[in-house]
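Take a walk through this structure, one element at a time. Keep the sequence at hand as you read.

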Amino acid sequence: MLQLLNPIALVAAAAVIIPVLVHLWNVRTGKTLRVGSIALLATSARRRASSLRITNWPLFLLRCFLLLLLAFLLARPVWNNTPTANKQAGWILVPARQLATAHAHYGPRIDSLLAAGLELHDLGTGFEKLQLQDTLQYSTSTPDKSTLLPPWSLLKVLDVQLPKAFPVHVFTDNRLSAYQGDRPHTQLAIHWNSFATGDSMYRSPALQWVTPNGKIRHIEWVSTPAGNYYRESMTGAALTGDIDTSIIRIGIYPGKNMADAQYVKAALQAIAQFTGRRITTTLLSAGQAPATAQNIVFNLDEQQHVGLNLSKSSTTDNLLSYIAPKGTLFQYDTGDAIAGASWAQEGNLITGEGLQHKVYRFTGGAAKGTPLWTLANGQPLLTMTAAEGRRVYHFKSRFNPAWSDMVWEGDFVQTLLPLVLAAPVIPDAVDLRIIDEQQSAIGSRETAIGPVDGREQSAVDLADRQEQGADSLLKDSAKDLSFIIWIAAFILFAAERLLTHRQQQIKQDA
């Protein structure tokens, strides 16, 4: 189907009036007739001979067609190669194993869409066609292909396969764990429908250990649609799992920063009292080897790093040799101190989620490893590297009120807690957190069609659509005819020039 991306340019076709006027206003010079005597001729006024008619039709038509063709070229003609799938009314996408659940929540809507001619497909790799009458079979025997790719990744694949503005109605669960990566912007007309599946609460034993008084403390992991959290189980021995009877040994090398070491030691004692874990804390002098392997070492002596040598060129004071396998080394980073107030943006790997502390001073220089905490400007504040099976944390500030307010905040203990007690890895299958509807709303590059609940397309999506404009149409589903029009215009121009030159030659010969 022929389409014009810039139809307003057809106004340029009005230039065809120029050759019309040129050919109609064809003024002819009068001819002189020689006679022997003019005595018998009556006197009359001189008149200029003119003719308002077209005398050279081939040249006139060539010039008109050439101007019309140029105006047509400015209108950017394209031939829209609409795929066959565009003749369909649309697709309904549902994970095969969730088809029965989806129909239980959105039965009338799915039935009406099927009656309107939409096809039912699996929201999984391959997008296989499904039959609504086989919902029980899909829920029991069909492999869940949607687990191979998250929904947003599948939509990116589908965005390439289906034509622009193709209606797609998605019905899937609202588990937050399934939504990974960046939310896509698609050219499809997406209608998103989510529903809850499974239980409203899941409990699982997470940590179990022996307290200093010989009792067993059970901590369970609880997942709900609103969020995940840990709590102490009241059922006690009813929970199954391995009981940790080990002692967490922590060594601190204060160096000249004894005040920092005292803050850290107080926080560790608070963690031991709160959790009931058996934790021993030992202050060590520079170069002193602990009596036994330590689980965690805090190296707060930024002056000499207590002989730390990750390359193991020297083994006398190598801190890594003092740490048990899979242990942790937390050390101050060296460098010139830089003064400047900022905020520490802390992640959830060591600190609690959403914690922020004010930083007054920090060390300069290049950061090592993966950033875990950053300043407000994105500069790394805490990074992590791995060496010989141990985690090594590099901290570019200090546990000192002159450097930051961490030790003055009540959540300083919470900041160090995940470092001492590593949380177990919870599988996504038992993560019941749900995603907010506004987070799962898919934006569109080409259409303003939003989710079923009637929300309008965001301003960002509309701006993106204006930016893409006609160029995305040329790229996705239309063939540009500009090259063909240029060839035709060149042929007409050559014919016009050839015909004009030939007529001028005839006049000269005459």
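The paragraphs below visit a helix, a sheet, a strand and a loop.

This is a predicted model, in which local features need pLDDT of at least 70, side-chain atom pairs count only at pLDDT 80 or more, and totals for chains, interfaces and linings use all residues. Residues are numbered from 1 along each chain as its sequence is written, and side-chain values use heavy atoms, with hydrogens and water left out.

Start with helix α3, residues 99-115. Helices here are DSSP runs of H or I with at least four residues, strands are runs of E with at least two, and numbering goes from the N terminus. Helix α3 has 17 residues, yet its end C-alpha atoms are only 17 Å apart. A straight helix would reach 24 Å at 1.5 Å a residue; the expected span is 1.5 Å times one less than the number of residues. Look at Y106: a kink of about 100° lies there, shortly before the proline P108. The bend at a residue is the angle between axes fitted to the seven residues ending there and the seven starting there. Y106 is also one of the buried residues of α3, as are L99, A102, G107, I110 and L113. Buried means under 20% relative accessible area, exposed over 50%, and partly exposed in between, with a 1.4 Å probe and protein chains only. Just after α3, G117 takes a positive phi of about 105°.

Next comes an open sheet. Three strands form it in the order β10-β11-β12, with antiparallel pairing. Two strands pair if DSSP finds at least two bridges between them. At the edges are β10 (202-210) and β12 (227-232), each pairing on one side only. Strands β11 (216-224) and β12 are joined by six bridges. Within β12, R231 is the bridge partner of E220.

Now move to strand β16, residues 323-332. Which residues does T328 touch, leaving aside those up to four places away in sequence? They are N295, I296, V297, I323, R391, Y393 and L419, where contact means heavy atoms within 4.5 Å. T328 lies in β16 and counts as buried because its relative accessibility is 2%. K326, in the strand β16 too, is exposed, with a relative accessible area of 73%.

Finish with backbone angles. Most residues other than glycine have a negative phi. K326 has a positive phi of about 65° although it is not a glycine. A165 also has a positive phi, near 60°. This residue is found in the loop between α5 (151-161) and β7 (167-173). A165 counts as partly exposed because its relative accessibility is 32%.
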